[in-house]
Amino acid sequence: METKKSNIKLDSNDFIAFELTESEIGLTNLTDLKGLIEKEISSGNINIAIDLKNVLVINSSGLGILIGCMKRVKNANGIFKILN
């Protein structure tokens, strides 16, 4: 899965944003995202945004991984946002 990583500011908080570039997402291409988020949290970046502007289809496995990522960020006392 290809992502574009950037730093953004939302609601006066700094976020690491990952823009998903594929139009369809599911288990096979979102498992990499989980690792990217874990790496950011380990580095102290606990506010994470996922930009879905390119996504047209997401299956239940992909939704489950996004929920798991949200829980991980919340457990680190961070903020998780889904954009677009």
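User: Buried means under 20% relative accessible area, exposed over 50%, and partly exposed in between. Which class does Lys74 count in?

Analyst: The model is predicted, and Lys74 lies in its helix α2. The relative accessibility of Lys74 is 46%. That value falls between the limits of 20% and 50%, so Lys74 counts as partly exposed.

User: How far apart in space are Lys74 and Val57, C-alpha to C-alpha?

Analyst: Lys74 belongs to helix α2. In sequence, 17 residues separate Lys74 from Val57. In space, their C-alpha distance is 25 Å.

User: In what order do the elements of the chain run from the N terminus on?

Analyst: The chain holds two helices and six strands. Read from the N terminus, the order of these elements is β-β-β-α-β-β-α-β.

User: What is the radius of gyration of the chain?

Analyst: The elements run β-β-β-α-β-β-α-β. For 84 residues the globule rule gives 12 Å, and the chain comes close to this, so it is as compact as a globular protein of that length. The C-alpha trace spans about 30 × 20 × 15 Å along its principal axes. The radius of gyration is 12 Å.

User: Of the contacts in the chain with a separation of 6 or more, what percentage comes from residues 24 or more positions apart?

Analyst: Of the 84 residues, 35% count as buried. The accessible surface is about 4900 Å², with 48% of it belonging to carbon and sulfur atoms. As for the contacts with a separation of 6 or more, the share from residues 24 or more positions apart is 69%.

User: Which residues in the largest nonpolar core touch the most other members?

Analyst: This core has 17 residues. The elements giving two or more residues to it are β2, α1 (27-42), β4 (48-51) and α2. One of the residues that touch the most other members, Ile37, is in contact with Phe18, Ile48, Ile50, Cys69, Val73 and Phe80, leaving aside neighbours within four places in sequence. The residues asked for are Leu20, Leu33, Ile37, Ile48 and Ile50.

User: Is Asn47 buried or exposed?

Analyst: Asn47 is in the loop between α1 and β4. Apart from neighbours within four places in sequence, Asn47 is in contact with Asn13, Asp14, Phe15, Ile16, Gly78 and Ile79. Its C-alpha atom is separated by 9.8 Å from that of Leu10, 37 residues away along the chain. With a relative accessible area of 15%, Asn47 is buried.

User: Which element gives the most residues to the nonpolar patch?

Analyst: The patch on the surface is formed by Ile58, Leu63, Ile67 and Met70, and together they have about 300 Å² of accessible area. Ile67 is placed in helix α2 and counts as partly exposed at 37% relative accessibility. The element that gives the most, with three residues, is helix α2.

User: What is the phi of Asn77?

Analyst: Most residues other than glycine have a negative phi. Asn77 is not a glycine, yet its phi is positive. Asn77 sits in the loop between α2 and β6 (80-83) and counts as exposed at 69% relative accessibility. The phi of Asn77 is near 65°.

User: Which side chain meets that of Asp11 in a salt bridge?

Analyst: Asp11 is in the loop between β1 (3-10) and β2 (13-20), with a positive phi of about 50° although not a glycine. Asp11 is exposed, with a relative accessible area of 57%. The salt bridge has an N to O distance of 2.9 Å, and the partner of Asp11 is Lys81. The pair ties together parts 70 residues apart in sequence, because Asp11 is in that loop and in strand β6 lies the partner, Lys81.

User: What is the N to O distance in the salt bridge of Glu19 and Lys53?

Analyst: The structure holds five salt bridges. Glu19 is buried, with a relative accessible area of 15%, whereas Lys53 counts as partly exposed at 48%. The N to O distance between their side chains is 3.9 Å.

User: Which helices are linked by the pair of Glu38 and Arg72?

Analyst: The side chains of Glu38 and Arg72 meet in a salt bridge of 3.1 Å, N to O. The two residues are 34 apart, and the helices that the pair links are α1 and α2.

Notes. Residues numbered from 1 in each chain as written. Predicted model: local features only at pLDDT ≥ 70, side-chain atom pairs only at ≥ 80, totals over all residues. Heavy atoms only, no water. Patch = residues over 30% accessible without salt bridge, like charges linked within 9 Å, V, L, I, M, F, W, Y side chains within 5 Å. Areas by Shrake-Rupley, 256 points an atom, 1.4 Å probe, with all protein chains shown as cover. Salt bridge = Lys/Arg side-chain N within 4 Å of Asp/Glu carboxyl O. Helix = DSSP H or I, 4+ residues; strand = E, 2+ residues; numbered from the N terminus. Buried < 20%, exposed > 50% of the residue type's maximum accessible area, 1.4 Å probe, protein only. Rg over C-alpha atoms; globule rule 2.2 N^0.38 Å. Contact = heavy atoms within 4.5 Å. Core = buried A, V, L, I, M, F, W, Y, C linked by side-chain atoms within 4.5 Å.
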